[in-house]
Amino acid sequence: MKVVLFCGGYGLRMRSGTSDDIPKPMAMVGPRPLIWHVMRYYAHFGHTEFILCLGYGAHHIKNFFLTYEETTSNDFVMRNGRAELLSTDIADWTITFAQTGIESPIGERLRRVRHHLDGDEMFLANYADVLTDAPLPEMIENFARRDAGASMMVVPPQSSFHCVDLGEDGLVGGITAVSELPLWENGGYFVLRQEVFDHIPENGDLVADGCAQLAKRGRLVAHQHRGFWKPTDTVKERAALDTAYARGDRPWAVWERDAARVGTA
């Protein structure tokens, strides 16, 4: 299935005060940017046709792939002064680079790449800045057998804050961690059918317009995931992932996990 990645936003909360124009999906986690980790996740499950919805800082993303160095993350042998790769990351990937506007909301970005989907009834979509170990095949299979226009992965609230139950007299009746409330939030991983385009107006949003309208019609399903899921909305969150990567704690790298299982079988 084709994978649409939204990677054209400003990522203002990721800024560290510098004046650079690096888009959020190009923030580094280990030796590779966020967008690589997301794409590597999809490729591990056999989905290697990517459509990148570019906008702000597009030249950084283009340049990364145009000058991609396989030896950074693959073993190789030096022979007669030349590197012979023992494995590759992106050799079998097809990547479409589509400029979808600097200010375009996500729904409009999706509308502008619709022709690149070649009429495929089902396709995948992602914000390109969230890492997870969610079982993608299960997510797709569950949606494929449902009569629905879209599937949204949902996760428990990530906030570390607490909600306070107040009585009319100002006395606190209870305190509950947000993560323990019976609530779910958008996890940023979507399986979509062409039907979603019927509900996204010009300059509309994928969730607020497309998914909301499908929900009203009983055409939106949720895939609940309680496993690993981490956003990178801030410098702190990106740094935490980078630190975890350095110490070998990277559950989102399902390709490494499955390779290790094969090696020990």
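**Ground rules**

I am working with a predicted model, where local features need pLDDT of at least 70 and side-chain atom pairs count only at pLDDT 80 or more, while totals for chains, interfaces and linings use all residues. Residues are numbered from 1 along each chain as its sequence is written, and side-chain values use heavy atoms, with hydrogens and water left out.

**Entry 1: salt bridges**

I started with charged pairs, taking a salt bridge as a side-chain nitrogen of Lys or Arg within 4 Å of a carboxyl oxygen of Asp or Glu. The count by this rule is 15.

I looked up R40 next and found it paired with D89, with 3.9 Å between the closest N and O atoms. This pair joins distant parts of the chain, 49 residues apart: R40 belongs to helix α1, and D89 to the loop between β6 (82–85) and β7. Helices (H or I, at least four residues) and strands (E, at least two) are DSSP runs, numbered from the N terminus.

Are R40 and D89 buried or exposed? For this I use relative accessible area: buried is under 20%, exposed is over 50%, and partly exposed is in between (1.4 Å probe, protein chains only). R40 counts as buried because its relative accessibility is 18%, and D89 is buried too, at 6%.

Then I turned to R111 and E108, whose side chains meet in a salt bridge at 2.9 Å, N to O. They sit three residues apart in helix α3 (residues 106–112), so about one helical turn separates them. An α-helix has 3.6 residues a turn, so residues three or four places apart point the same way. R111 is partly exposed, at 32%, whereas E108 is buried, at 6%.

My next pair was R219 and E195, with 2.7 Å from N to O. It also links distant parts of the chain, 24 residues apart, with R219 in the loop between α5 (206–216) and β14 (220–224) and E195 in the loop between β13 (185–193) and α5. R219 is buried, with 18% relative accessibility.

I also noted a network of salt bridges that links K2, E49, D118 and D120.

**Entry 2: helix α2**

Which residues of helix α2 (residues 58–66) are buried? I found A58, I61, F64 and F65. Their arc around the axis is only 130°, so they lie on the same side of α2; the arc is that of the directions from the helix axis to the C-beta atoms. I see these buried residues packing against β1 (2–7), β3 (32–33), α1, β4 and β7 (94–99).

**Entry 3: T48**

I found T48 in the loop between α1 (34–44) and β4 (49–54). T48 is buried, at 18% relative accessible area. Setting aside neighbours within four places in sequence, I list A43, D92, W93 and T94 as its contacts, meaning heavy atoms within 4.5 Å.

**Entry 4: lining of the second largest pocket**

α6 gives the largest share of the lining, five residues.
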